[in-house]
Each structure stands twice: as structure tokens, then as C-alpha cells.
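Let's take a walk through this model, going from rings to core to sheet. Open it in your viewer and follow along.

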Amino acid sequence: MAINTNLKSLTPRRENFKREITLISGGFYDRKAFPGGKITVYPWDSRIDNWFQERLRLPNKEYALWEAVEKIADLNGCQLRNMAMGDVWTILMVSKSIRTDCVVEYYVKCPRCERGEKATIRVPDDLQVVGKKAPDYTGVDDITLPDCKDVVTFRPMSVGDNMWIMERDAEKRQKLPDLIAGILIPIKAVGGGTVDNTDEILSWYDALSPKDAEFLKTEQGKLHPQLDTAVQHKCDSCNEKFTYDLE
């Protein structure tokens, strides 16, 4: 006896529930692959779960989450390494949220009175956008450091940048720690002069005032295209305002 279903169509869910979104970066790194900054995102389902678990058994399992983007989005020929990290996280969040109609439920607790409650948020619509790029974005941003007045030119952090940081050996990591590498690797120029090597840019960074070093890190965070996962809340019981970091 054939199944008796209420489904109106047997179109595979991958196609039936896909979503087209606009990349926060505008897809500047491959405008041919992402015309108008648009990309198609497919739902993260049990097939992806199965692939992901198998991928974790292979070498370089720390790359598994990034590589999943090739399974859940139409990259249209774009190389994963070239993609902005913020776009990768956006695609992952949207793909995973599709299975709950793009609504994510989570639990928050007030840090003052410890009152807890369930909350919901729609992804990506209800999340704040950080560092959104215009259609004519050239791929770099400039900031001027407040103390030394150096003009720093840098690009958004890419998947390839993160892979390079993670692939280094212990000796290189001791000389250039991962956190500092994440700040310095995207820098293309200082004062109009091109960065020639990591030793040069590290010496410059170590000579900055604490104020300039902190400003550089903070401003980079503001200009990297991404969704802000820090959700603002106000406790209904004591009116305390606090931030919840959406995982």
C-alpha cells in the first residue's frame, strides 16, 4: 500500500526550504560568484549531521565547520578560503536556523537577580549587522590610530587567514600568538607602505601605545562584516540591562 501523505509536493527539502540572503560583505571577494552579494543557503538537516560526524573523524577536524559551508550553500565556484569569516558564520547560522523556521529559542538568566526565562530571536533578521559593505566596496578599510596617527589599511579576515593561523607550528605560534596574528594578518599597509613580512608588522605593533593597540583591535572588529551575536536584554523583574552571547 502506498504512503498517504499531506505533503503538497515531494520536492526535496534542500530545495523547498532554501533561502536566498545578502552577504554582509556583499561578496566583494568574488562578485562573479555572488552577483548583487546574494547567496543561496540550504537547510542543515540530518544528511549534513551525518556528513559532519564523519568529517570529525578525519584529519584537521577543526576545519569541519567551515567546510560544511560548501555543503549548505551554493558557492557558485568561489573558493572557500577566499570567503570572509563573517559570511561563513552567517551562512552557518541561517542554515541551522531554517529547521526551526529561522527562529532560535534560548535561555537567559539575569546576572543581577538571576531570574531566568526563555527567549526567541529570528535569524538573521533580528541580529544587528556589523561592518556592512557597500556594493562598491574595494575590499579594504582605513583607520587612523589616535596616538601615532598612522593610517592602517586592512581587509576583512578570511577563512584562508584562519587556516594559515591554525596550520603554524609551535615555534611560529610562540613568536606570533594566534590572537595577535588575527589582528595583524589582515593588515595590508601602514601609512601607505605595503606590509612586507610578519616580522616587520609585529615590530610595528609591539611599538604601539596601549591605546593605539586597543583601538586597532576594536575598530577591526567594528569593520569586519558579520552578524552581532551579542543580544541585548532587559530583565522584566529588576530592569537590569545585560548582554547574552548567542551561540
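W51 is buried, at a relative accessible area of 19%, and F52 is buried too, at 17%. Buried here means under 20% relative accessible area, exposed means over 50%, and partly exposed is in between, using a 1.4 Å probe and protein chains only. Before going on, some ground rules: this is a predicted model, where local features need pLDDT of at least 70 and side-chain atom pairs count only at pLDDT 80 or more, while totals for chains, interfaces and linings use all residues. Residues are numbered from 1 along each chain as its sequence is written, and side-chain values use heavy atoms, with hydrogens and water left out.

Back to the rings. A pair of aromatic rings is described by the distance of the centres and the angle of the planes. The rings of Phe, Tyr and Trp (its six-membered ring) pair if their centres lie within 6.5 Å; planes under 30 degrees apart count as stacked, over 60 as edge-to-face and the rest as tilted. The structure holds 7 aromatic pairs. One of them joins W51 and F52, a tilted pair with 6.4 Å centre to centre and 45° between the planes. Another is Y63 with W66, and that one is stacked: 5.8 Å centre to centre, 15° between the planes. Y63 is buried at 5% relative accessible area, and W66 counts as buried at 6%. Elsewhere, F28, Y29, F34 and Y137 form one aromatic cluster.

A charge sits over a ring if NZ of Lys or CZ of Arg is within 6 Å of the ring centre and within 35 degrees of the ring normal. R14 has its charged end over the ring of Y42, 3.8 Å from the centre. K96 does likewise over the ring of W44, at 4.6 Å from the centre.

Now for the helices. Helices (H or I, at least four residues) and strands (E, at least two) are DSSP runs, numbered from the N terminus. For the 14 residues of α5 that gives 20 Å, and the end C-alpha atoms are 20 Å apart, which agrees. This helix is mostly covered, with 12 of its 14 residues buried. Among them are M85, I91, L92, M93 and I98.

A nonpolar core is a set of buried Ala, Val, Leu, Ile, Met, Phe, Trp, Tyr and Cys residues joined through side-chain atoms within 4.5 Å. The largest one has 69 residues, and I39, V69, M83, I91, I187, W204 and L216 touch the most other members. α5 gives the most to this core, with 7 residues.

Next, look at α6 (residues 159-167), where V159, G160, D161, N162, M163 and I165 are buried. The cover over these buried residues includes α3 (64-67), α5, α7 (170-175) and α8 (178-184).

On to the sheet. Two strands pair if DSSP finds at least two bridges between them. Four strands form an open, antiparallel sheet in the order β6-β7-β8-β9. β6 and β9 (193-194) are the edge strands, each pairing on one side only. β6 (residues 141-144) and β7 (residues 151-154) pair over 4 bridges, with T144 opposite V151 and I143 opposite V152. The two make a hairpin with 6 residues between them, and K149 in the turn has a positive phi of about 70°. On its other pairing, β7 joins β8 (residues 187-190) through 3 bridges, and V152 stands opposite V190.

Most residues other than glycine have a negative phi, and most peptide bonds are trans. The bond from V123 to P124 is cis, with omega near 0°, and P124 lies in the loop between β4 (116-122) and β5 (128-130). N76 has a positive phi, near 55°; this residue sits in the loop between α4 (69-72) and α5 and is partly exposed at 46%. E114 has a positive phi near 65°, lies in the loop between β3 (103-109) and β4, and counts as exposed at 56% relative accessibility.

Note on methods: The expected span of a helix is 1.5 Å times one less than its number of residues. Contact means heavy atoms within 4.5 Å.
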